[in-house]
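Please look over this protein model and follow its main features.

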Amino acid sequence: SGFNSIGHMDTMLRERHHIGHYKEGEEFIQNVFHVLFLLFSGKEKSNLSICWLQYEISKVVQCLQAKNKRKLKAQGRKSKKLAKNLLKAPENRNDLSLWKLYAYLEWLLGNIDDARKVFDTALCTVGTGGLKSPQLCSLSLLYAQLEVELLESIEGAVMSRAAHILTRLAESGPYVPYSGQVLSVNVLKARKTYEHALQYYLSKTPVSDQDQVSDANQLVNLVGCYALFQYLTVGIDAAVLIYAQTSEKLEASGPQKCENTGENFGVQNFPTALEAVTLLHTNLLKFHMKISVYPLNPLREALMEALKRYPSNQSLWRSYIHIQRKSHSASKARRFFDGVTRSTNSLEPWLFAIQAEQMRKKLTENVQRADVGEIHSTIPESGLTNRIVALFEHAVQSENGTHCPLLWRMYLNFMV
C-alpha cells in the first residue's frame with residue numbers, strides 16, 4: 001500500500017487533505033537510505049548524504065505548503081536529527097554542501113538566528129577561497145538570497161546583511177560576521193572583482209568533461225552572486241543587465257559556433273547553465289515586483305522566451321501561470337500554450353495549460369456563487385468545462401500523454 005504513493009500526486013486534494021507520503025512508502029525509502037549508506041564510502045557517500053538531506057527538506061517544504069504546524073514540528077525534529085548525525089561523521093565535517101542544506105533546513109523551520117549561526121560558522125571555517133571556490137560561492141548565494149527575501153524594500157539594501165555576505169565573498173579573505181554596516185570602498189572593490197571573475201569564466205576553455213560541468217555550475221553561482229550584488233548596491237536594471245549579457249554570451253557559445261570559428265567560449269554545458277541563469281533572472285524579477293512597483297512586461301517576456309526554449313521546466317511554468325492569473329484576458333496565454341504544445345513533445349505544457357484553465361474555472365465559480373447562496377449549481381460554467389475536456393483529450397492523444405498516469409487520473413478526477 002505504500003509503493004503506489006511514492007510518486008504522490010500533490011496536485012489533487014482528497015477531501016480536504018493533501019495526499020502526502022504514506023507510512024509504508026516512507027519506511028521503504030528510509031530503509032533504502034540506511035542500507036545504501038553502509039555500502040558506500042568517500043565521495044559517493046557524501047553525495048548520498050546530500051540526497052538524503054534534500055529528501056528530508058522536501059518533506060519539510062510539503063508540511064509548510066499544507067500549513068500543518070503540528071506535523072511540521074515533528075518533521076523538523078526528525079530532519080534536524082538526521083542533519084546533525086550526518087555532519088558528525090568525520091568525512092562530512094568540512095562538506096560545505098551539507099552545511100548549506102542544514103542551514104537552509106533551519107531557515108525553513110523559522111529558526112532564522114540559528115540558521116545564520118550555521119551559515120556564518122560554515123563561512124568562517126572555509127572562508128578564504130573567494131570566487132574561485134564553487135562551494136563557497138554556492139553557499140554565499142543561498143545565504144544572500146534568503147537574506148534578501150527578508151527585505152521589505154530595496155531602500156538602504158546596500159547596508160544589508162546580504163550585501164555584506166556578497167562583498168566579503170569577493171574579498172577572498174577570512175569571513176567576518178555582519179556587524180551592521182558595509183563600507184562603500186569595499187563595495188567598489190568587490191564590484192571590480194566580480195566583473196573580472198565573470199569575464200574570466202565566460203572566456204575560459206575547459207580541459208575535460210568534468211571541468212565543463214564544474215565550470216558551468218561555478219559560472220551560474222558567480223552570475224547569481226554578481227547580479228544580486230548589483231541589485232542590492234545599484235538596482236534592478238543593473239542586475240538584469242548582467243543576466244542579459246551572460247545569456248547572450250552563453251547563447252553565442254553553442255557548440256555549432258565553436259566548431260566554425262575554432263574558438264571556444266568555455267561553457268559547453270551551456271543549455272544547463274543558460275537554463276539556470278534564466279531561472280535566477282525570472283526569480284529576481286518576481287521578487288522585485290513583490291517589494292516595489294515594477295511593470296509586469298519584462299517578467300512576462302523573459303518567461304515566454306525561456307519557456308519556448310525549455311518547455312519542460314516546471315518552475316518557469318509555475319511562475320508563468322502565477323502572473324497570468326493577474327491578467328483578465330486569457331486569450332494571450334491560450335495562444336502561447338497552443339504554440340508551445342505544437343512545437344514540443346514535453347508533457348508539461350499540456351499539464352500546465354489544463355491547470356491554468358482549472359484555476360480560471362474555480363475563480364469564475366467563486367465569483368458566480370459570491371452572494372447568491374447555492375444558486376450557482378443551476379448555472380454551470382460550461383464554456384471552460386468544454387475547453388478543459390478538449391485539452392485533456394488532446395493531451396492524452398499525444399505520445400507522452402498516453403502513458404502518463406497522472407494525466408489520466410487528473411482527467412478522471414475532473415470528469416467526476
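In this predicted model, the side chains of Lys59 and Glu26 meet in a salt bridge, with 2.4 Å from N to O. Lys59 lies in helix H2 and Glu26 in helix H1, so the pair ties together parts that are 33 residues apart in sequence. Lys59 is buried, with a relative accessible area of 6%. Glu26 is buried as well, at 15%.

Glu147 and Arg161 form another salt bridge, and their closest N and O atoms are 3.7 Å apart. Glu147 belongs to helix H6 (residues 134-149) and Arg161 to helix H7, so this pair links parts 14 residues apart in sequence. Both residues are buried.

A further salt bridge joins the side chains of Glu251 and Arg309, at 3.2 Å from N to O. Glu251 sits in helix H10 (residues 236-252) and Arg309 in helix H13 (residues 297-309), so the pair ties together parts that are 58 residues apart in sequence. Glu251 counts as partly exposed because its relative accessibility is 36%. Arg309 is also partly exposed, with a value of 39%.

Some salt bridges share partners: they join Asp113, Arg116, Glu147 and Arg161 into one network. The salt bridge count comes to 10. The table lists three of these pairs.

| Salt bridge | N to O distance |
|---|---|
| Lys59 and Glu26 | 2.4 Å |
| Glu147 and Arg161 | 3.7 Å |
| Glu251 and Arg309 | 3.2 Å |

Which residues does Tyr320 contact, leaving aside its neighbours within four places in sequence? They are Leu303, Met304, Leu307, Ala333, Phe336 and Phe337. Tyr320 lies in helix H14 (residues 314-324). Its relative accessible area is 1%, so Tyr320 is buried. The C-alpha atoms of Tyr320 and Leu303 are separated by 6.4 Å, although the two residues are 17 residues apart along the chain.

Ser346 is found in a loop, between helix H15 (331-343) and helix H16 (348-368). Is Ser346 buried or exposed? Ser346 counts as buried, because its relative accessibility is 16% and the cut-off for buried is under 20%. Leaving aside neighbours within four places in sequence, Ser346 is in contact with Pro311, Ser312 and Asn400.

Now for two backbone angles. Most residues other than glycine have a negative phi. Lys67 has a positive phi, near 55°. Lys67 is found in the loop between helix H2 (42-66) and helix H3 (69-88). Lys67 counts as exposed, at 73% relative accessibility. Ser172 also has a positive phi, near 65°. Its loop runs between helix H7 (161-171) and helix H8 (184-202). Ser172 counts as partly exposed, at 35%.

Lys71, Lys73, Arg77 and Lys78 gather in a patch of positive charge. Lys73, one of these residues, is found in helix H3 and counts as exposed at 61% relative accessibility. Val35, Leu39 and Phe40 form a nonpolar patch, with about 300 Å² of accessible area together. Val35 is found in helix H1 (residues 23-39).

Finally, the whole protein. There are 19 helices and 2 strands. Buried residues make up 45% of the 416 residues. Among contacts with a separation of 6 or more, 58% come from residues 24 or more positions apart. The protein exposes about 22900 Å², and carbon and sulfur atoms supply 55% of that area.

Note on methods
Residues numbered from 1 in each chain as written. Predicted model: local features only at pLDDT ≥ 70, side-chain atom pairs only at ≥ 80, totals over all residues. Heavy atoms only, no water. Helix = DSSP H or I, 4+ residues; strand = E, 2+ residues; numbered from the N terminus. Buried < 20%, exposed > 50% of the residue type's maximum accessible area, 1.4 Å probe, protein only. Patch = residues over 30% accessible without salt bridge, like charges linked within 9 Å, V, L, I, M, F, W, Y side chains within 5 Å. Areas by Shrake-Rupley, 256 points an atom, 1.4 Å probe, with all protein chains shown as cover. Salt bridge = Lys/Arg side-chain N within 4 Å of Asp/Glu carboxyl O. Lys, Arg positive; Asp, Glu negative; His and termini not counted. Charge placed at Lys NZ, Arg CZ, Asp CG, Glu CD. Contact = heavy atoms within 4.5 Å.
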